[in-house]
Amino acid sequence: MVTYADVDTSTRLAIDWPRVAAVVPDAAIGAVLVSWATWLTWGTGGREPYRLSIHALVIAIAVVSVRPWRVLPPTVMALGTGLGAAAVLVTATAPTGWAGADDAASYAIAGQTFLVVAAWARDDGRRMAVLGAVIGAAGLEFAQGWLAWWGSATPTVPFQGTFFWHNQAGIFLAAGAVTSWATIAYGARPLSTFAWVAGPLAGAGVLFSTSRGSQMGLGVSAAVLAGACLLGSDTLRRLARLGGVLLATGAVSVVLTGPPFFAHRTSPTAATAVRGAHEDLSGNGHQRLEDWRRAWEVFKHWPVSGAGFHSYSSASGLVTDNRDHVHTAFAHNGFLQSLSDGGLLLSLPFWGACVLLAVVAARRLPAAARRRDAAQVGGAVLLLLLLCHSGMDFDWSYPALLILAAVAAVLAVGVLRPRSPVTSCRTGTIWCTILLLGLLVSAVGAWHGGLNLNVAVEAL
């Protein structure tokens with residue numbers, strides 16, 4: 001009989017290095033997605049000190065492991081890195097300077113997240129893993145915010161999650177609801193089993209958040225998903241599944257707003273009604289228009305590189321009459337915020353990327369629906385939802401939500417293939433150096449977090 005002691009020591013210690021090397025990228029991307037879904041999101045959406053910096057280091061490991069320049073087109077690499085470079089240049093030229101470096105880091109890290117995840121998620125299994133990360137992130141967000149909301153002893157207060165603001169908690173939960181519904185409608189097992197739990201909870205959380213923009217967006221997204229279910233074969237079964245999960249979402253929202261969780265049963269939209277009593281849509285809409293006007297005025301005074309990150313309150317006070325005497329740190333529009341903060345230097349690449357991704361997502365959605373690709377259908381609908389909602393709120397001022405848009409874009413555009421793969425060692429070294437240098441600058445710039453939202457701009 002051969003015993004363990006009879007086996008040669010070199011044989012016992014032998015390691016299958018090729019197999020180990022093959023799983024390292026999987027582990028690295030897994031760490032990126034888990035870090036985003038937990039560590040970053042639970043820290044006030046990524047605004048708290050150290051959160052974004054440590055997340056940048058996690059992405060650096062993924063950059064070295066995945067080596068996105070080997071599989072992505074050079075134009076995509078240039079867009080992903082160029083966005084961060086433009087944001088850093090804003091801190092070097094705009095009035096608020098380095099004081100807004102955490103926002104610059106957010107743009108840079110979102111761009112690099114897109115690159116590493118897109119380079120890794122090149123088969124159905126990995127793309128479903130990314131979809132599962134979005135669903136899981138929303139489920140965990142609901143779990144994290146549940147105790148505080150339940151502890152208020154009344155379901156008429158807004159559900160704010162770990163963002164500590166209802167609108168951004170609402171759109172983050174809406175992301176999980178939309179992707180869960182798509183997963184269930186297309187019967188993408190085994191993920192659909194988990195989606196039956198996370199989806200109704202996330203959808204109920206959107207109702208509890210009182211975010212009317214998120215609620216309307218979720219309703220429109222459900223309609224778009226229903227339209228997608230009509231394309232291709234087996235339409236009745238898909239529509240039945242979608243209808244079933246929508247009914248489950250409504251049932252969960254009713255159950256959670258009464259006994260045994262609360263002493264008295266109320267409507268799932270009771271909190272929204274309470275909020276609407278002192279903050280109606282017309283007044284809210286007027287305020288949004290005024291905020292957008294101010295952002296445009298700031299841009300006209302600093303057209304090249306903007307007034308700088310975290311400058312909106314101070315800069316708009318200098319260049320506008322502030323006739324309604326309402327002060328806010330945000331333009332309540334992610335596109336105009338980039339125009340106000342970074343001028344043409346930031347907004348041109350940022351707007352260009354957003355428009356390109358929206359067009360690609362919209363064009364590829366019908367084909368994805370016909371071939372029953374749950375990941376691409378869910379990602380496309382989610383990306384369009386995020387782009388629309390960010391046009392009326394300050395979602396992208398939270399790093400976790402900007403990164404969510406990058407992850408949704410990966411799912412929406414599908415697999416990106418280069419015309420000619422990068423094989424030159426020198427080219428790879430250059431790309432690796434650029435990416436790691438951008439992450440290092442981002443980690444330093446974001447170290448103190450982004451809770452200081454108002455940086456003074458000197459008088460003109």
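Q: Which element gives the most residues to the lining of the largest cavity?
A: The answer is α5, with four residues. The model is predicted, so local features need pLDDT of at least 70 and side-chain atom pairs pLDDT 80 or more, while totals for chains, interfaces and linings use all residues. Residues are numbered from 1 along each chain as its sequence is written, and side-chain values use heavy atoms, without hydrogens and water.

Q: What makes a residue part of a cavity's lining?
A: A lining residue has an atom within 4 Å of a cavity point, that is, a point on a 1 Å grid where a 1.4 Å probe fits but cannot get out. For the largest cavity, 26 residues form the lining, and Asp103, His310, Trp396, Ser397 and Tyr398 are the closest to its centre. Two or more residues come from each of α5 (101-120) and α14.

Q: Which residues line the second largest cavity?
A: They are Val88, Trp98, Ala101, Ala104, Ala105, Val441, Ser442 and Gly445. Here α5 and α17 (425-445) each give two or more residues.

Q: Why is Ser347 called buried?
A: Its relative accessibility is 2%, and buried means under 20% (1.4 Å probe, protein chains only). Ser347 therefore counts as buried. Its place is in helix α14, residues 334-370, a helix being a DSSP run of H or I with at least four residues.

Q: What is Ser347 in contact with, leaving aside its neighbours within four places in sequence?
A: Ser338, Leu339 and Gly352 are its partners, where contact means heavy atoms within 4.5 Å.

Terms used
Buried means under 20% relative accessible area, exposed over 50%, partly exposed in between (1.4 Å probe, protein chains only). On a 1 Å grid over the protein atoms alone, a cavity is a set of points where a 1.4 Å probe fits but cannot get out, and a pocket is an open set with protein on both sides within 12 Å along at least five of seven lines; lining residues have an atom within 4 Å of a point.
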